Amino acid sequence: MRKKLVAGNWKMHGSLLDNDTLLNALNKGIAVLGNEANCAVCVPYPYLAMVQSKLQGTNIKWGAQNVSQHEKGAYTGEVSAVMLNDFNCTYVIVGHSERRMLYGESNQVVAEKYLTAQKHKLVPILCVGETLEQRDSDTTEQIIEEQVNAVLALAGVDSLSNAVIAYEPVWAIGTGKTATPQQAQDIHHFIRQGIAKQNAEVAAGVTVLYGGSVKANNAAELFAMPDIDGGLIGGASLIADDFIAICKAAHS
Ligand code: PGA
């Protein structure tokens, strides 16, 4: 049985004041849920120290939203995996569609980030997903296969035993348009099958999240699908009651 995971992606939101209120509420609401599912928040770099101090010893884990593929050096503005280790991060998101589209991260760069994260014992949350144009032109499976295969070619299929995949259709992110549970399930199944061609045991064990307008009122039906192991949550992760409700849905 795969354990479900609900990970919040705060994106470029937050302030010391707002985070304090949000984290206090999460601590209260998620502590009572137990450990049947995992919950985490992926926050902007400047707040890692804050989440570390407020969440350590709780059942909420934390992580970052990006990491450099390089170990260290003259890379102004970048943050290394070793630095994330300093704040005891469990997770790091790699290849979010906003990084791919707005910052030109290629499949190759994303694969390098994934590899560097794992080398430093961070669990990468590898985001994959198609745009609306790609879905309409029937290339969804091809796009996702390329995104996953770039990582498998560099890091090997066994690496997936310490990684999470998040299927996030770009047309569903921040738009209020969620993939139907069946649409999401179909792609999750496709991803798992592709991995199974290389290693069936790894495919059966890998956590595959759905992301894209997951809300308190649709989480349960998405999480009930056989290949959906939880969610990567943007907007709703900033609203304590909503995020707690989504975490609750993963516990039932
Ligand atoms: P959303 O974002 O939940 O606001 O659609 C999801 C994501 O981008 O990870």
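**Figure 1. A look at the largest cavity.** About 30 Å³ of space lies in the largest cavity of this predicted model. A cavity here is a set of points, on a 1 Å grid over the protein atoms alone, where a 1.4 Å probe fits but cannot get out. Its volume is the space filled by probe spheres set on the points, which are joined across faces, edges and corners. Rolling a probe the size of a water molecule over the atoms shows where empty space is left. The structure holds one cavity of 30 Å³ or more. What lines the largest cavity? The lining is made of G95, S97, R100, C127, V128, G129, Q147, E168 and V170, where a lining residue has an atom within 4 Å of a point. Helix 4 (97–102) and strand 5 (123–128) each give at least two residues to this lining; helices (H or I, at least four residues) and strands (E, at least two) are DSSP runs numbered from the N terminus. Sorted by class, the lining has three nonpolar, four polar and two charged residues. For these classes, Ala, Val, Leu, Ile, Met, Phe, Trp, Tyr, Cys and Pro count as nonpolar, Asp, Glu, Lys and Arg as charged, and the others, Gly among them, as polar.

*A note for reading all the views.* Residues are numbered from 1 along each chain as its sequence is written, and side-chain values use heavy atoms, with hydrogens and water left out. Because the model is predicted, local features need pLDDT of at least 70 and side-chain atom pairs count only at pLDDT 80 or more, while totals for chains, interfaces and linings use all residues.

Figure 2. Around the ligand are 13 residues, each with a heavy atom within 4 Å of it. K11, H96, E168, G174 and S213 come nearest. Look for the polar contacts, pairs of N or O atoms within 3.5 Å. A polar side-chain atom of E168 sits 2.6 Å from an oxygen atom of the ligand, and one of K11 sits 2.7 Å from an oxygen atom of the ligand. S213 takes part through a backbone N or O atom, 2.7 Å from an oxygen atom of the ligand. Taken alone the ligand exposes 290 Å², and the protein buries 97% of that (areas by the Shrake-Rupley method with a 1.4 Å probe). The shell has four nonpolar, seven polar and two charged residues.

**Figure 3. K11 and its salt bridge.** Find K11 in the loop between strand 1 and helix 1. K11 has a positive phi of about 55° although it is not a glycine. Which residue forms a salt bridge with K11? The partner is E98, with the closest N and O atoms 2.8 Å apart. This pair links distant parts of the chain, 87 residues apart, as E98 belongs to helix 4. A salt bridge is a side-chain nitrogen of Lys or Arg within 4 Å of a carboxyl oxygen of Asp or Glu, and the count comes to nine.

**Figure 4. The largest pocket.** The largest pocket has a volume of about 460 Å³. Of its 15 lining residues, K11, M12, Q65, R99 and Y103 are the closest to its centre. A pocket is an open set of points with protein on both sides within 12 Å along at least five of seven lines. Helix 4 gives the most to this lining, with three residues.

Definitions and conventions. A polar contact is a pair of N or O atoms within 3.5 Å; within protein, one must be able to donate a hydrogen and the other to accept it, and residues adjacent in sequence count only if both atoms are side-chain atoms.
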